[in-house]
Every structure is written in structure tokens, then in C-alpha cells.
Amino acid sequence: MSDSPDRQFAPTVLVGVDFGLPHFDGELEELGLLAETAGLRPVARITCKRKAPDAALFVGSGKADEIKFMAEQLGATEVLFDQSLSPAQQRNLERHLGLPVNDRTLLILEIFGQRARSHEGKLQVELARLQYLSTRLVRRWSHLERQRGGIGARGGPGEAQIELDRRMIGESIKRTSARLEKVKRQRHTQRRQRERRDAFNISLVGYTNAGKSTLFNALVKARAYTADQLFATLDTTTRQLYLGEAGRSVSLSDTVGFIRDLPHGLVDAFQATLQEAVDADLLLHVVDAARPDFPEQMAEVQRVLAEIGAARVPQLLVFNKLDALEKEQWPLQLSDTFEVDGSRVPRLFVSARTGEGLPGLRQQLASMVAGRAGADAACAQAPEFHEAAP
């Protein structure tokens with residue numbers, strides 16, 4: 001994939017393979033949204049069932065022929081898979097179809113590359129992109145195919161070029177990682193300063209397009225970018241939120257959204273940004289209440305939180321987009337509890353767009369902040385007991 005203008009609105013065939021997993025998207029709805037977000041134009045959606053991926057073509061030769069026929073009939077210029085492909089599968093498919101073939105991982109990387117605005121965000125995306133490309137050297141550079149060799153020969157110019165490119169990418173990864181480590185240290189210093197100020201830190205987390213940035217703007221009267229699209233926000237934004245009911249301000253951070261099969265390299269690269277969630281005193285887990293598959297989206301968020309070490313941070317569930325539900329679908333009460341990983345977690349229903357339920361959310365936040373302050377005060381005043389010497 002590239003950002004060239006001729007790829008904008010490129011007709012694309014979407015392909016998904018059902019391996020019997022519970023989260024399979026039979027309509028390829030999310031892949032279609034990702035493709036449109038990246039500027040592609042889906043013209044066909046093809047799905048099939050398999051027990052396991054075909055080692056050479058992922059979908060098998062018969063289905064690959066069907067994809068090729070469909071692409072030719074509709075004038076598609078590339079093919080996009082909903083799962084991750086190995087470098088060999090990607091290369092074999094391109095030769096078989098005669099078209100560029102990309103997978104979900106590269107698509108998400110491209111969207112992140114388009115959306116990153118801050119210096120830190122660009123570094124994080126660049127690191128993940130380099131790590132992805134480092135495994136696909138033979139496929140990505142056409143000059144690498146000009147390899148020569150034979151009996152009595154030890155490689156040739158092509159083989160030397162592969163090693164050169166691999167070394168160049170390795171050096172780029174080291175440089176980018178070092179720059180990110182510097183950013184991480186700066187963030188650590190900022191967090192220590194906030195801790196010294198006795199700040200209460202709240203991080204918004206949730207599946208992409210759940211409405212985190214809209215809720216963030218509604219709470220702190222900010223102007224963070226929002227849009228009805230996937231990954232509208234990548235860069236962490238932090239603002240002060242004054243809670244009159246608690247008589248104090250708290251720090252509220254809007255973080256990058258999660259998504260199914262988020263590339264592990266991106267999770268690693270965004271560790272500095274996601275650290276805001278790890279170090280938070282409270283996570284506002286924003287859920288799109290209007291989506292029928294919200295339990296699967298919640299499970300994916302919980303999985304990523306566990307992966308980055310934030311599973312033990314207290315949560316408050318915010319079921320957003322109440323305005324998108326029909327009135328008969330509204331809950332009987334806007335505040336209750338919901339089971340998450342075997343524990344009951346407080347839940348509130350709100351509409352960040354219309355403001356419905358936001359006063360109750362502010363009140364709940366104030367109560368939790370006050371409760372934390374009271375607990376801290378009690379710990380500070382508690383007498384110390386020392387075991388008597390024998």
C-alpha cells in the first residue's frame with residue numbers, strides 16, 4: 001500500500017476466511033469500514049470456510065481462481081484479506097492473481113500512518129511499519145527478485161541487496177526505538193510530576209469508533225478531532241476536568257482506540273501512549289451501546305488491557321450512543337452494574353452527542369474521586385504498628 005493519489009478510491013475485493021472462530025465477520029463490515037477509512041472502494045466481498053489456512057495460497061487454489069475471476073469482472077486493482085497473511089502466502093497470491101494483495105495488518109498500519117499527527121505518534125507508526133516490512137523484504141522490493149546464482153556460485157547481487165536492505169531496516173528500527181525510548185522517559189517524568197501534584201488520572205479506553213473523543217470533548221469542552229470513522233484519534237490528549245461535586249480537578253486522557261486483531265507490533269510501538277491507561281487511577285471504558293456485537297468488542301478491549309498490564313486498573317463502563325437506540329431499547333435505569341471478567345463493574349448509559357446521562361457520569365466520577373481521597377486520608381492518618389521485639 002502507498003499514499004499515492006492513484007490509489008484513492010481504488011476498487012478493491014475484500015476476502016474473509018471463516019476458520020470457525022466466534023468473532024468471524026461474515027459480512028466483512030469492519031474490513032469494509034477499514035478499507036474506506038484508508039481511501040479504498042470495496043466492490044466485492046468474498047467469504048469461504050476452511051478448517052485451516054492453505055500453506056501456499058491461504059484460501060486454496062479453487063477459491064483463489066474465483067477471486068481472480070471476480071476481480072477481473074469488476075475491474076478491481078487490489079485484493080484485501082481480513083486476516084494476516086504470511087510473506088509467502090502474500091507473494092504466492094500476488095503471482096496467482098496478478099494483483100497487489102494486502103492484509104488486515106498492513107491496512108491498519110496504513111490508517112495509523114495517515115492519522116498520526118504528533119511526533120510521538122509518527123514514531124510509533126514508523127516503528128511498527130518497519131517491523132512489519134522487515135519480514136517481507138523479498139516481496140516489497142522488486143529489485144530483490146533479480147537474484148543470480150548457480151553451480152559454484154555463492155549468491156550474487158540480489159542476495160547482497162537483500163542483506164543490505166535488511167541491515168538498513170534493522171538500523172532504522174534501532175534509531176526509531178531509541179527515539180521512542182526518549183519519549184517514554186519524558187512521559188514518565190510528566191507522570192511523576194502529576195503524581196507529586198496529587199492528581200487523579202482518568203483514561204478513556206474502548207473499541208475504535210465507540211465515541212471516546214466525542215465524550216472527551218463533551219466533558220472537558222475541548223475540540224479534539226472527532227468523526228464517524230475508525231481510528232479518528234491516534235494521539236493522546238490530556239485535559240483538566242473540573243468536578244464541582246468533588247471540589248477538585250482531575251486529569252482526563254483520550255487514548256487510541258482498540259480493534260480486533262490489532263497488530264502486536266502496534267501494541268508494542270504504542271506502549272508509550274498506552275502507558276497512560278496503565279498508570280491511570282480509573283479507566284472510563286467507552287462502549288458503543290448501539291452495536292449488537294458490543295460484548296465481542298468489550299472482550300477485545302479487555303484482552304489488550306491485559307496485554308499492556310492495565311487489567312487491574314479500576315473501570316467505569318460508559319455505554320455511549322444512547323441516542324442511536326430506539327426509545328423502546330433504552331434501559332429502565334441509566335445506572336447499574338455489568339459483569340466484566342467475572343466481576344460486577346458500575347455502568348452508566350450516556351449520549352456524548354446529546355448530553356443525555358452526562359450529569360450522572362460527572363456525579364459518579366466525583367463520588368469515585370472523593371472515595372479515593374477519603375481512603376488515602378485514612379491511610380495517611382492510620383497509626384503505624386510495630387511488632388514488639390522478642
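Predicted model: local features only at pLDDT ≥ 70, side-chain atom pairs only at ≥ 80, totals over all residues.

Me: How many salt bridges does the structure hold?
Reply: There are 14 salt bridges in the structure. As background, side chains of opposite charge can pair when their charged atoms come close.

Me: What does Asp-336 pair with in a salt bridge?
Reply: Its partner is Arg-347, with 2.8 Å from N to O. Asp-336 sits in strand β10 and Arg-347 in strand β11, so this pair ties together parts that are 11 residues apart in sequence.

Me: And is Arg-347 buried or exposed?
Reply: Arg-347 counts as buried, because its relative accessibility is 11% and the cut-off for buried is under 20%. Asp-336 is partly exposed, with a relative accessible area of 23%.

Me: OK, next one. Which residue forms a salt bridge with Arg-353?
Reply: That would be Asp-323, and the closest N and O atoms of the two are 3.1 Å apart.

Me: How much of Arg-353 is accessible?
Reply: Arg-353 has a relative accessible area of 64% and is exposed. Asp-323 counts as partly exposed, at 32% relative accessibility.

Me: What about Arg-291, what does its side chain meet?
Reply: The side chain of Arg-291 meets that of Asp-293 in a salt bridge, at 2.8 Å from N to O. Both ends are partly exposed: Arg-291 at 23% relative accessibility and Asp-293 at 26%.

Me: Which residues are linked in a network of salt bridges?
Reply: Glu-30, Asp-82, Arg-104, Arg-260 and Asp-261 are joined in one.

Me: Switching to loops. Where does Asp-341 lie?
Reply: Asp-341 is in the loop between β10 (335-340) and β11 (343-349). With a relative accessible area of 65%, Asp-341 is exposed.

Me: Why does 65% make it exposed?
Reply: Because exposed means over 50% relative accessible area, and Asp-341 has 65%.

Me: Which side chain does Asp-341 make a polar contact with?
Reply: The side chain of Gln-302, at 3.2 Å. There's also a C-alpha separation of 9.9 Å between Asp-341 and Ala-311, which are 30 residues apart along the chain.

Me: New topic: how many residues are in the largest nonpolar core?
Reply: That core has 48 residues, and those with the most contacts inside it are Leu-107, Ile-108, Phe-112, Leu-266, Leu-305 and Ile-308. Elements giving two or more residues to this core include β1 (10-18), α1 (29-37), α4 (104-115), α7 (157-196) and α11 (294-308).

Me: Which element gives the most to it?
Reply: α5 does, with 7 residues. A second, separate core of 25 residues includes Phe-200, Val-250, Leu-282 and Val-369.

Me: Is the crossing of α4 past α5 left-handed or right-handed?
Reply: α4 passes α5 in a left-handed crossing.

Methods. Residues numbered from 1 in each chain as written. Heavy atoms only, no water. Helix = DSSP H or I, 4+ residues; strand = E, 2+ residues; numbered from the N terminus. Buried < 20%, exposed > 50% of the residue type's maximum accessible area, 1.4 Å probe, protein only. Polar contact = N/O pair within 3.5 Å; in protein donor to acceptor, adjacent residues only side chain to side chain. Salt bridge = Lys/Arg side-chain N within 4 Å of Asp/Glu carboxyl O. Core = buried A, V, L, I, M, F, W, Y, C linked by side-chain atoms within 4.5 Å. Left-handed = near helix turned anticlockwise from the far one by under 90°.
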